[in-house]
Amino acid sequence: MKAIVAIRPGGTEVMEMVDLPEPVAGPGQVVVEVAAAGVNFSDIGVRRGIIGHDIQFPHTLGVEGAGRVIEIGGGTCDFVIGQRVAWAYGPGSYAERVAISADALVPVPDEIDDQQAAAIMMQGLTASHFATDFYPIQPGDIALVHAAAGGLGQLLTRIIKLRGGAVIGRVSKASKVDAARAAGADYVVVDDGSNFADEVIRVIGGEGVHVVYDGSGPATFTGSVAALRRSGTFCWYGPVLGRPAPVDLMLLPKSIKIGFAVFFDHIYTPVLLRRHAAQLFDWLSAGDVSIDVSTGYPISDAARAHAAMEDRSTTGKLLLIPERVNG
């Protein structure tokens, strides 16, 4: 079986396609033939050695995907051979086949294709957590969404708009403005992360936004604080790009609230996972949200996909497709 491993922590040069033994379904597990695997910043963090310090190398990368059940292990299982499934966290997903806990899987409706299912799981559940749970958007709320042209930024924008909010999107390059606008952003700021707060406040008439969703690392932290209104909420995420400096709570301005949002807290039981995933699929089917799968790379080009994500040259979601699916 072909799989992509990081042979040690480091840059894209540590990624290799190797032959691994076929996975076997243990108790409570199933083996899935992978149709598409999602590429996420967390995968880059694992490869660099920033995330998961207990991970042993060589390590098979990837955690997200969609495919078809081909083997079921012992114990009770809600799935059957041949059923289409998707997952947000199944370690080792950059592979032709993977053994996954049945509790980590969700059923995929017939009207959702494999690439849509793989693309929406982690980013969709994360966006759902941010906009419906961590800070439940209310009609009339104004949100600042960083990296608004990326896969997560586009989904977050669409869910905010679905709930009646307005979105100011920040993008790093003028070439990304159209993607952010297509997702529904009401106004788009082009900025490298240093001077956006004044423009955000000017656009909305002198008062800051209700909530900031910021996964752009320490470079934008100060500006995000400045862009908030009194008692606004700062949703910070994305440690791969670096951590902010230590915060003195007594120096925080305007009674703002800051939290580190983790999507696992949205889906900490199989029931919640399947409920929220079903909501995402319903939104997709109804056309209420859409997922921009900008590029599907052959799995052998996983290093190129990582490089493209790291240099911020892409918009939308990146997927890896096992070559047998292409052929």
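A pocket is an open set of grid points with protein on both sides within 12 Å along at least five of seven lines, and its lining residues have an atom within 4 Å of a point. In this predicted model, the second largest pocket is lined by 14 residues. Those that lie nearest its centre are Tyr 89, Asp 103, Ala 104, Phe 264 and Leu 273. The volume of this second largest pocket is about 190 Å³. At least two residues of its lining come from each of strand E7 (97-101) and helix H7 (270-286). By type, the lining comprises 10 nonpolar, 3 polar and 1 charged residues.

The largest nonpolar core contains 53 residues, and the members that touch the most others are Met 121, Ile 160, Tyr 213 and Phe 281. Two or more residues of this core are given by each of several elements, including helix H3 (151-162), strand E10 (166-171), strand E12 (209-214) and H7. Helix H2 contributes the largest share of the core, with 10 residues. Beyond four places in sequence, the contacts of Tyr 213 include Phe 130, Tyr 135, Leu 156, Ile 160, Cys 235 and Tyr 237. Another core, of 30 residues, lies apart from the largest one, and Val 14, Val 69, Ala 308 and Leu 318 are among its members.

Thr 157 is located in helix H3. With a relative accessible area of 0%, Thr 157 is classed as buried, because burial requires a value under 20%. When neighbours within four places in sequence are set aside, Thr 157 is in contact with Val 145, Val 167, Ala 183, Gly 184 and Ala 185.

Notes:
Residues numbered from 1 in each chain as written. Predicted model: local features only at pLDDT ≥ 70, side-chain atom pairs only at ≥ 80, totals over all residues. Heavy atoms only, no water. 1 Å grid on protein atoms, 1.4 Å probe; cavity = no way out; pocket = protein on both sides within 12 Å on 5 of 7 lines; lining within 4 Å. Points joined across faces, edges and corners; volume = space filled by probe spheres on them. Helix = DSSP H or I, 4+ residues; strand = E, 2+ residues; numbered from the N terminus. Nonpolar A, V, L, I, M, F, W, Y, C, P; charged D, E, K, R; others polar. Core = buried A, V, L, I, M, F, W, Y, C linked by side-chain atoms within 4.5 Å. Buried < 20%, exposed > 50% of the residue type's maximum accessible area, 1.4 Å probe, protein only. Contact = heavy atoms within 4.5 Å.
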